[in-house]
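Try each task before you read its solution.

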Amino acid sequence: ERTDDAIAALKKATVLEPRLVEAWQNLGWAYMREEKRIADAIPVFEHAIKLKPDIPDIWRNLGACYADSGRLSDAIAAYGQAVKLNPADAFSWNALGGCFVKTGDAEKAMDAFEKAVKADPGMAEAWYSLGLCYAEKERIEDYIAANEKAVKIKPDLVMAWNNLGIA
């Protein structure tokens, strides 16, 4: 119910001030919180980008919506714009890597995960995903090291422990 109230208030804000990017961005975020409303979030974020195309968070959120909707090429483009605007955005690099994995582009996935861990060496999930890329390339020492870093950062990351057990 609180999210419904937030959505109503944010819709009112966009009517009263249609050029207020923050209201559009927050409305998109409110729709994202309602998992069944991703389709509603997409045009809101797209509109926010038309108003102000240089905010990386909007691109990242749009990328997440596209990815959740199975629109991987659109997600890749949106995450690509997010990291172009903010190369230190580890979350977007990691998500971009995940999209490349889903499209079967292992080289681009590995590159994105490497950029994610460079941007945020404390991102356990990116180390884990990078380890999977290394395994695919039969870079076993790197695979082990990446999973060791992942569990050092996040000791309850079960799949990284599993990977270390089978390495």
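**Exercise 1. The overall picture**

Task: Describe the make-up and extent of the protein, and find what share of its residues count as buried.

Solution: Keep in mind that this is a predicted model. Begin with the elements: the protein has 10 helices and zero strands. Next, take the extent of the C-alpha trace, which spans about 60 × 30 × 25 Å along its principal axes. Then turn to burial, where 45% of the 167 residues count as buried. Finally, look at contacts with a separation of 6 or more; residues 24 or more positions apart account for 40% of them.

**Exercise 2. Helices α3 and α4**

Task: Work out how α3 and α4 are oriented to each other, and which residues meet.

Solution: Two packed helices are described by the angle between their axes and the distance between the axes. Locate helix α3 at residues 38–51 and helix α4 at residues 56–68; they pack at an angle of about 150°, with axes 9 Å apart. Angles over 145 degrees count as roughly antiparallel, and α3 and α4 are therefore roughly antiparallel to each other. Their crossing is left-handed. Now find the residues: Ile 38, Ala 41, Ile 42, Phe 45, Glu 46, Ala 48 and Ile 49 of α3 meet Ile 58, Trp 59, Asn 61, Leu 62, Cys 65, Tyr 66 and Asp 68 of α4. Sorted by class, this contact has 11 nonpolar, one polar and two charged residues.

**Exercise 3. Helix α6 and its two partners**

Task: Describe how α6 packs with α5, and then how α6 packs with α7.

Solution: Take α5 (residues 72–85) to begin with. The axes of α5 and α6 come within 9 Å and cross at roughly 155°, so these two helices are roughly antiparallel. The crossing of α5 and α6 is left-handed. Residues of α5 in this contact include Leu 72, Ile 76 and Tyr 79, while those of α6 include Trp 93, Leu 96 and Phe 100. By class, the contact of α5 with α6 has 11 nonpolar, three polar and one charged residues.

Now move to α7. The axes of α6 (residues 90–103) and α7 (residues 106–119) come within 8 Å and cross at roughly 165°. That makes α6 roughly antiparallel to α7. This crossing, too, is left-handed. On the α6 side, the contact residues include Trp 93, Asn 94 and Gly 97; on the α7 side, they include Lys 108, Phe 113 and Ala 116. The residues of this contact divide into 10 nonpolar, three polar and two charged.

**Exercise 4. Asn 94**

Task: Decide whether Asn 94 is buried or exposed, and list what it touches.

Solution: Asn 94 sits in helix α6. Its relative accessible area is 16%; the cut-off for buried is under 20%, so Asn 94 is buried. Leaving out residues up to four places away in sequence, Asn 94 touches Phe 113, Ala 116, Met 123, Glu 125, Ala 126 and Ser 129.

**Exercise 5. Glu 138**

Solution: Most residues other than glycine have a negative phi. Glu 138 is not a glycine, yet its phi is positive, at about 60°. This residue lies in the loop between α8 (124–136) and α9 (140–153). With a relative accessible area of 67%, Glu 138 is exposed.

How values were computed:
Residues are numbered from 1 along each chain as its sequence is written. This is a predicted model: local features need pLDDT of at least 70, side-chain atom pairs count only at pLDDT 80 or more; totals for chains, interfaces and linings use all residues. Side-chain values use heavy atoms; hydrogens and water are left out. Axes are lines fitted to C-alpha atoms, for helices over the stretch in contact, and angles run from 0 to 180 degrees between N-to-C directions. Helices (H or I, at least four residues) and strands (E, at least two) are DSSP runs, numbered from the N terminus. Angles under 35 degrees count as roughly parallel, over 145 as roughly antiparallel, 65 to 115 as roughly perpendicular and the rest as oblique. A crossing is left-handed if the near helix is turned anticlockwise from the far one by less than a right angle, and right-handed if clockwise. Contact means heavy atoms within 4.5 Å. Ala, Val, Leu, Ile, Met, Phe, Trp, Tyr, Cys and Pro count as nonpolar, Asp, Glu, Lys and Arg as charged, and the others, Gly among them, as polar. Buried means under 20% relative accessible area, exposed over 50%, partly exposed in between (1.4 Å probe, protein chains only).
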